[in-house]
Amino acid sequence: MDAYLLAITFLAIVIVIVGVSVFKWHAFISLLIASLFLAIFSGMSFDKIVTAYETGVGGSLGHLVGIIALGTILGKMLAESGGGLQIANFFIKIFGEKLLPWAMFLSGFIIGIPVFFEVGLLIVLPLIISIAKASKKNLLLIALPAIAGLSIVHGLVPPHPGAVAAIGIYEADMGKVLLYALIIAIPTGIIGGPLFASFISKRVKPEGEPKTIVVEEKDPSQLPSTGISFLIVLLPVILMVFGTMAEYLTNLMDLSKGTEHVFAFIGSPLIALLISTFVAYYFLGIRLGTTKKQIKEFTEESILPVGSIVLIIGAGAGFKQILIESGVAETIGTLAENFNLSPLVLAFVISGLIRIATGSATVALTTAAGIVAPIIETMTGVNKELLVIVTGAGSLMFSHVNDAGFWMVKEYLGLSIKETFKTWTVLETILAFVAFILALIVNAFV
């Protein structure tokens, strides 16, 4: 029976992969079909299948939808106001020409906190191209550090949808994930960014020309100050860390339990992002002359793409619940314990394999988390926060031709397919494995 359950679980994962890559189904459809296949063939009664699936979806999306939507709105306000460019220009002035790769990495890292990878790339790309031309340096030396900063934040750091989804599925603490993610993401990004860029730029010279992006020039008086730009990006992070430390702070300052609850409330991800969004509405919008109608349009434009991500996350959570209800999770958990497999290793490997097969980091992360989450319920001593990190790390691995990010980097930087493999694909794989190794080291000490 165990062998049979494992076989149909494997086939369910194959359905996800084939649906996305061969039939070109939306990942939501692929995950839904795979869940139904697994439920039916594992022997679940028909009256329980839909209820179990809906329980999984509702349990996960109940607290994620608002966080993802608010994070997206925040990123949109930063992009539209020119705040991202202000941050990038600040680092370039501070570091100077000799340390440009480090300036670009920090720019990508900070800008990437509230925005999707694709949006962040479009924010920094005009700057990358103009700096490369002015400094007469290899484009890769300037571009790859910024891309590394954007990518590692996108893969590991909340409030990005993948990390938020894994937090929900594993029932991890978001504040702790944020702290671990920042500790791990910075050295990982440095190795995959400035250090790798310095190495590869001496060996690869792009044959093509980068794609020019026309950016509407803004009057300096219409741009937010550098300080305000940093405040908007870092405010949700500060508030979430503040919420995580609520108990410690109230004990330190000898405050009442009620005060602790207020601190925890303000620092909860939803409230932290809501506060930050209204601060952004004012400082990046109204104060700079943006009308209320324009702010509403920006909000609506940013929320539209969220629908697809929310569906994928929900379907991954539904898949997880089917694994639990069908008894498959218990079987895999027993097997993992018998073979003494670390859940961290298991999550990284599963996430990486699904990423390679489907090309989607979000699908890899949600599917892998759905498989691993039920397994750890019977285990003790598993660090759920680091489990989020390693699952996110696996979802970055070996980006190739089935990944939209691969083609985006190729086209915008004017690279050939061979050059994109040598640069972007290697960079993503470095980020994945370095983050995984660092997570294992942190796990040994906490």
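1. Let me start with Ile40, which counts as partly exposed because its relative accessibility is 39%. Helix 2 (residues 27–41) supplies the largest share of the patch, five residues. Please bear in mind that this is a predicted model.

2. What about the buried residues of helix 2? They are Ala27, Ser30, Leu31, Ala34, Ser35, Phe37, Leu38 and Ala39. Just after helix 2, have a look at Gly43, where phi is positive at about 95 degrees.

3. On the overall fold, the chain has 22 helices and zero strands. Its radius of gyration is 22 Å, close to the 22 Å from the globule rule for 446 residues, so the chain is as compact as a globular protein of that length. The C-alpha atoms fill a box of roughly 65 × 60 × 45 Å along the principal axes. Buried residues account for 57% of the chain. Among contacts with a separation of 6 or more, 81% are between residues 24 or more positions apart.

4. How many salt bridges does a search of the whole structure find? There are six. One of them joins Glu80 to Lys76, with the closest N and O atoms 2.9 Å apart. Glu80 and Lys76 are four residues apart in helix 4 (residues 65–81), so about one helical turn separates them. Lys76 is buried, at 19% relative accessible area, whereas Glu80 is partly exposed at 29%.

5. Lys296 and Glu300 form a salt bridge too, at 4.0 Å from N to O. These two are four residues apart in helix 15 (residues 292–303), about one helical turn. Lys296 is exposed, at 54% relative accessibility, and Glu300 is partly exposed at 44%.

6. The salt bridge between Arg355 and Asp403 has its closest N and O atoms 3.3 Å apart. This pair links distant parts of the chain, 48 residues apart: Arg355 is in helix 18 (residues 343–358), and Asp403 is in the loop between helix 20 (384–394) and helix 21 (404–413). Both ends are buried, with Arg355 at 4% relative accessibility and Asp403 at 9%. Elsewhere, salt bridges with shared partners join Lys76, Glu80 and Glu301 into one network.

Note on methods
Residues are numbered from 1 along each chain as its sequence is written. This is a predicted model: local features need pLDDT of at least 70, side-chain atom pairs count only at pLDDT 80 or more; totals for chains, interfaces and linings use all residues. Side-chain values use heavy atoms; hydrogens and water are left out. Buried means under 20% relative accessible area, exposed over 50%, partly exposed in between (1.4 Å probe, protein chains only). The radius of gyration is taken over C-alpha atoms; the globule rule is 2.2 Å times the number of residues to the power 0.38. Contact means heavy atoms within 4.5 Å. A salt bridge is a side-chain nitrogen of Lys or Arg within 4 Å of a carboxyl oxygen of Asp or Glu.
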